[in-house]
Amino acid sequence: MAEIKEEKINNLEQAHLDFISTVSHELRTPLTSIRGFADTLLSSYDRLTPEQREKFLHIIKDQSNRLINLVENLLTVSKMQSEKELLIYKSVDVLPFIDSAIQMIKNQYKTHKYICNYEKNLPKILVDTDKFQQILLNLIDNASKYSNESSTVEIKVSQNYAKNTVIIAIKDEGIGISPEDINKIFNKFSRIDSPLTRKIQGNGLGLYITKTLVEKMNGKISVESSPKGSEFEIEFKIATPEDNAIKKIKE
Ligand code: ADP
């Protein structure tokens with residue numbers, strides 16, 4: 001019994017050490033790049049062309065954004081694991097949340113096309129609205145960033161009458177995920193290592209956060225993919241009439 005306990009503690013410690021080592025690596029890479037380019041600008045400012053200066057400043061800005069995203073994601077992971085986090089459930093219509101997520105993402109991916117296919121008279125669902133928005137942003141952002149410029153992202157919303165749920169499907173025409181990799185993508189810090197994904201910025205926390213949040217709200221997430229693109233589906237229970245009152249549920 002004592003041995004099993006000790007093994008569990010060792011595994012936990014190992015997971016902790018792995019986590020610290022991955023986070024340190026993820027922090028060090030952009031920081032090294034920021035320091036390197038800032039050093040070059042300071043030491044060789046007069047010898048650089050205006051184009052070179054601008055290019056280096058853009059790299060510094062991009063790498064700073066990468067750090068901000070990482071820190072925000074780490075804070076979300078830490079909050080998700082904290083006992084104290086409250087989910088504030090509300091009964092809401094799905095479509096305004098999707099429209100607002102698309103509006104936000106469109107600013108970043110100006111040449112992508114976003115097609116919406118909504119079933120009529122959709123019922124409300126019961127979710128924490130901030131978390132629901134974050135889930136939609138993560139999935140629509142991934143659909144956009146792992147696909148070519150000018151490609152189409154389709155968002156379908158329908159009702160599953162048998163299961164009493166609403167299903168949101170986000171389909172892209174992107175690089176796809178191979179069958180060997182598809183089970184790994186929801187793990188913490190998991191990125192698919194390929195020449196295509198290496199060019200795209202990310203820290204491998206988005207889908208881990210997304211899946212954890214969906215499941216915390218008693219929803220389901222699934223994915224299907226081929227070399228022609230991927231389709232992520234999230235599913236939430238329809239709100240009952242009693243749910244229409246705001247509820248605070250402790251996790
Ligand atoms: P990030 O995008 O920050 O790397 P995520 O956790 O959101 O992290 O995704 C994990 C990995 O899953 C990505 O690095 C990518 O390899 C793969 N992936 C996620 N969404 C898609 C998608 N829509 N199409 C292709 N690959 C995807």
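## S147 and its surroundings

Leaving aside residues up to four places away in sequence, S147 touches H112, E173 and G174. The model is a predicted one. S147 sits in the loop that runs between α4 and β4 (152–160).

Is S147 buried or exposed? Its relative accessibility is 10%, and because buried means under 20%, S147 counts as buried.

## The ligand site

The shell around the ligand holds 21 residues, and those that come nearest are N142, Y146, R191, N203 and L207. By class, nine residues of this shell are nonpolar, nine are polar and three are charged.

Which elements each supply at least two residues of the shell? They are α4 (129–145), α6 (206–216) and β7 (229–237). The largest share, three residues, comes from α4.

## Polar contacts and burial of the ligand

For Y146, an N or O atom in the side chain is 2.6 Å from a ligand oxygen. For N142, a polar side-chain atom lies 2.8 Å from an oxygen atom of the ligand. Both N142 and Y146 are also among the residues that come nearest to the ligand.

## Overall fold

The protein contains six helices and eight strands. Read from the N terminus on, its elements follow the order α-α-β-α-β-β-α-β-β-α-α-β-β-β. Along the principal axes, the C-alpha atoms fill a box of roughly 70 × 60 × 35 Å.

Of the 251 residues in the protein, 41% are buried; S147 is one of the buried residues. The accessible surface comes to about 15,600 Å², and carbon and sulfur atoms account for 54% of this surface. Among contacts between residues at least 6 apart in sequence, 74% join residues at least 24 apart.

Definitions and conventions: Residues are numbered from 1 along each chain as its sequence is written. This is a predicted model: local features need pLDDT of at least 70, side-chain atom pairs count only at pLDDT 80 or more; totals for chains, interfaces and linings use all residues. Side-chain values use heavy atoms; hydrogens and water are left out. A residue is near a molecule or strand if one of its heavy atoms lies within 4 Å of it. A polar contact is a pair of N or O atoms within 3.5 Å; within protein, one must be able to donate a hydrogen and the other to accept it, and residues adjacent in sequence count only if both atoms are side-chain atoms. Helices (H or I, at least four residues) and strands (E, at least two) are DSSP runs, numbered from the N terminus. Ala, Val, Leu, Ile, Met, Phe, Trp, Tyr, Cys and Pro count as nonpolar, Asp, Glu, Lys and Arg as charged, and the others, Gly among them, as polar. Buried means under 20% relative accessible area, exposed over 50%, partly exposed in between (1.4 Å probe, protein chains only). Contact means heavy atoms within 4.5 Å. Accessible areas come from the Shrake-Rupley method with a 1.4 Å probe; for residues, only the protein chains shown count as cover.
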